[in-house]
Protein chains: 2
Amino acid sequence: MTAHRRGAPVEALPRTLSYQRPKGEQLQEILEGVIAALQPGALLPSERLLAERYGVARATVTQAVEGLVSRGLVYRVHGSGSFVAEPKFRQPLTLTSFTEDMHARGMTPGSVVLSQAVVPASEVVARHLALVPGSPVVHLERVRTADGEPMALERTHLPAQRLPGLEAADLTDASLYKLLEREWGVRMADADQWASVVRLASDEAALLQVADDQPALLFQRVTRDQGGTTVEYVRSLYRGDRYEVHTRLERLEG
Amino acid sequence: MTAHRRGAPVEALPRTLSYQRPKGEQLQEILEGVIAALQPGALLPSERLLAERYGVARATVTQAVEGLVSRGLVYRVHGSGSFVAEPKFRQPLTLTSFTEDMHARGMTPGSVVLSQAVVPASEVVARHLALVPGSPVVHLERVRTADGEPMALERTHLPAQRLPGLEAADLTDASLYKLLEREWGVRMADADQWASVVRLASDEAALLQVADDQPALLFQRVTRDQGGTTVEYVRSLYRGDRYEVHTRLERLEG
């Protein structure tokens, strides 16, 4: 949990809103500026104070703050006010294991293995791994943690025949990619990933220790080795309040 | 709206579940296989029939179907059953305007301009566009439609001094990127984009014609021209039930 800190001096706020744009939108932008200048855990100016300063209805301020809450920039503590949230994790642009990514951020990665077994590939899994349905695949289900806090629920499928013994390897707090390279000489090279928005089922929300109605990012990824063979089909649920996806887009000449 | 079609023949379903894995998960995978083989609008086997065939509780089937609904693969019609949903739009890997993207899909893009004016840049907007706060920026707010259906709510900021007259240009059903190139010689070259999950405010949900509690994808993007100058800061809300983000990830040698 973030320690609460000293908040924004009111004098730093702009004095007035402009007439040309919706007041709620302007308030959100002002607060975003305030948030950017503060540390996580800092107290925001109270809604009452903001309503007075800008001569707007309290409900307008509340809605603006709720917009910031829904975007994960702010959290509320009942009876205490609104505070600056921890910044979201930006998924790196390169193919990186969760373990490597957390180490790069100076955090301690952890894994809780929920399931690790050889199972027959369903039609969908088989298609992604270019196998015949029913072929043996290693199914891994892990809760991934950062400094002990659950971040993601990963469900990975890998071809069992290529990776004999993976179902018995110790994956607690370990990097799967490092293990694949060390034990089976498999080096991951690239991946295609699709991210979409989902609602969590209640068992998933419980594993991630978030509210039942919390939306999440579903990452579906196929990962290929250096020979271009698909070695992994992953379906991960990442906490929507803690994660975002970074993409670099380049324009084709047309 | 999708026309309802003939559904899946029951004989095509696998006969049994395996003992090794949660039944709900296996049911979801079986249904995903069924969905992949059907057209949008096709009826899925009834929950009663699935519960009987696999000897599982009706609640297990309902939960599996709800998982597919939450991922946007299936929609329910009260009293009629569950149907295969339209596939999601995959945002292209290249920097593409909404108009170009819809044309490439054979759909008719449209825009409803809600706001188009020169306003002073807030601190956040100014930072993204590398301007001094208060500098004039053109603020555009548009609902983007595909074949008449609302898909996204885009809020764009562009530097007004570089693009004189943009606040008066006709943007209804037009491509902003084409206009920038034709009228001001500005050619977009690349962009950084961050996608995260948000809940829609009720006015945003109304503009997108979705339910109030529907989660959405928030895209924040800074777009640069061929000289590397940032020309655009966009914040767009894309419908979570209709969109997904495609990313290609490559591994750094380490």
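Q: Through which surface do the copies, chain A and chain B, meet?
A: Let's start with the pair; this is a predicted model, where local features need pLDDT of at least 70, side-chain atom pairs count only at pLDDT 80 or more, and totals for chains, interfaces and linings use all residues. Residues are numbered from 1 along each chain as its sequence is written. Contact here means heavy atoms within 4.5 Å. Of the interface residues of chain A, 98% are also interface residues in chain B, so the copies meet through the same surface.

Q: How are helices H1(A) and H3(A) oriented to each other?
A: Helix H1 of chain A spans residues 23-36 and helix H3 of chain A spans residues 58-70; helices are DSSP runs (H or I, at least four residues), numbered from the N terminus. They pack at an angle of about 50°, with axes 9 Å apart, the axes being lines fitted to C-alpha atoms over the stretch in contact and angles running from 0 to 180 degrees between N-to-C directions. Angles under 35 degrees count as roughly parallel, over 145 as roughly antiparallel, 65 to 115 as roughly perpendicular and the rest as oblique. H1(A) and H3(A) are therefore oblique.

Q: What are the bounds of domain 2 of chain A?
A: Domain bounds come from an automatic or database domain assignment. The centres of domain 1 and domain 2 of chain A, taken over C-alpha atoms, are 37 Å apart. Domain 1 covers 10-84, and domain 2 covers 89-245.

Terms used. Chains lettered and ligands numbered in written order. Heavy atoms only, no water. Helix = DSSP H or I, 4+ residues; strand = E, 2+ residues; numbered from the N terminus.
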